[in-house]
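Here's a quick briefing to read with the model open beside you. Take it one topic at a time and look for each spot as you go.

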Amino acid sequence: MSGEEKFQIEPELTGVALGYTNKKLIADKIFPNVPVAQESFKHLVYKDILKSSIPETRIGDKGEANMMEFGSEKVTSSVENHSLKDMIPKTKIVSAAKQGTDIKAIMTMQLVNSLKTAREVDLSKKLSDVNNYLTGNTYNLGKDEKLGSDKSMAVDMIEEYKGKVLGGANTMVLSERAFSKLRRDKSVIKSLTLNKGVSESEISAMITFEAIKELFLFENIFIGQSKMNGAKKGQNASIKSCWEDDIILLNIDPLATTDYGITYGYSAVYKDYTVGTYFDEDKGLEGCEIIRPYASYIDLICCPACGALLKGVV
């Protein structure tokens, strides 16, 4: 019997995988999880929502209410399968156990972290792609417009594009470097002095997270702090941010499902993180335990009108 045929789900390691978090990873926070019952499923997309008009709501004593039209259509999508594996020599498992260390749990967390980091990169690419937004809802900043420049109009620009988002943006996503520039931007500092009625000397040169959140009235600000090795195989390591230097403005409805709600996007999840193992007696001196976590999901963009993108802000 082959190792793959002996593959078994490990409830304890699955619990480790589901409980694992890395505070620097923000993809799970941006796109809420929406369970789906099958690998292939139908869901709503809103391509022509701006063409929808407000229907007549008045109704007579014996009249019939008008049907609300949202400009949506049902489309079919399928989840994508994601998995990684690694092996631990039996001798190391036994040795670690004697020292009170669960090396299989440690390996599980490392693998899940790699899986989630890969998802972080994928979602970052989607959110930084101008093709995933309504025409007119993206803007590429010129040299003199970038955050921190003397001519920066960051506050006006963010407010303008926040207003372009259908329903208004309640979420801002940006890289750690972009946030560092934003919190020191002169237009942001000036706006705070006007709002609070104080002089610039009374405002810190490094604006706090909460002050920026309050200034723009965002429900959520997510800062991408995760890093990755951007070098190709065989090249020297090149550590870079998983997130591009953009400002992403989104209207996210955490209650939206495949059938209801208008939101920029969510993660349709068929199988949440699960961990299986099998023993390969042909590996190593006394065999190796193979650890393989996996998940089935897809990150969907459902309503491009619910987002705006400011590119190259740094």
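The protein has 8 helices and 15 strands. Keep in mind that this is a predicted model. Of its 314 residues, 42% are buried.

**The big picture**

- Take the contacts between residues at least 6 apart in sequence: 78% of them join residues at least 24 apart.
- The protein's accessible surface comes to about 17,700 Å². Carbon and sulfur atoms account for 50% of that surface.

**A sheet to find**

- Look for an open sheet of 5 strands, running in the order β7-β15-β12-β8-β9 with mixed pairing.
- At the edges stand β7 (138–140) and β9 (220–224); each has a single partner strand, so one side of each is left without a neighbour in the sheet.
- Going from one strand to the next, the twist averages 10°.
- Inside the sheet, β8 (residues 171–175) pairs with β12 (residues 247–250) in the antiparallel sense, over 4 bridges.

- Most residues other than glycine have a negative phi.
- Leu 217 isn't a glycine, yet its phi is positive, at about 60°.
- Is Leu 217 buried or exposed? Its relative accessibility is 65%, so Leu 217 counts as exposed.

- Val 16 sits in helix α1 (residues 11–19).
- With a relative accessible area of 24%, Val 16 is partly exposed.
- Which residues does Val 16 touch, leaving aside its neighbours within four places in sequence? They are Ala 105, Thr 108 and Met 109.
- Val 16 and Thr 108 are 92 residues apart along the chain, but their C-alpha atoms are separated by 7.2 Å.

- Cys 303 has the sulfur of Cys 306 as its nearest cysteine sulfur, 3.6 Å away, and is in no disulfide.

**Aromatic rings**

- The protein has 7 aromatic pairs.
- One of them joins Phe 7 and Tyr 294, with ring centres 6.3 Å apart and planes at 45°, so this pair is tilted.
- This pair links distant parts of the chain, 287 residues apart. Phe 7 is in the segment before β1 (8–9), while Tyr 294 is in strand β14 (residues 288–301).
- Tyr 294 counts as buried, at 17% relative accessibility.
- Ring pairs also bring in Tyr 278, linking Phe 7, Tyr 278 and Tyr 294 into a cluster.

Terms used. Residues are numbered from 1 along each chain as its sequence is written. This is a predicted model: local features need pLDDT of at least 70, side-chain atom pairs count only at pLDDT 80 or more; totals for chains, interfaces and linings use all residues. Side-chain values use heavy atoms; hydrogens and water are left out. Helices (H or I, at least four residues) and strands (E, at least two) are DSSP runs, numbered from the N terminus. Buried means under 20% relative accessible area, exposed over 50%, partly exposed in between (1.4 Å probe, protein chains only). Contact means heavy atoms within 4.5 Å. Accessible areas come from the Shrake-Rupley method with a 1.4 Å probe; for residues, only the protein chains shown count as cover. Two strands pair if DSSP finds at least two bridges between them. Axes are lines fitted to C-alpha atoms, for helices over the stretch in contact, and angles run from 0 to 180 degrees between N-to-C directions. A disulfide is a pair of cysteine sulfur atoms within 2.5 Å. Rings of Phe, Tyr and Trp (its six-membered ring) pair if their centres lie within 6.5 Å; planes under 30 degrees apart count as stacked, over 60 as edge-to-face and the rest as tilted.
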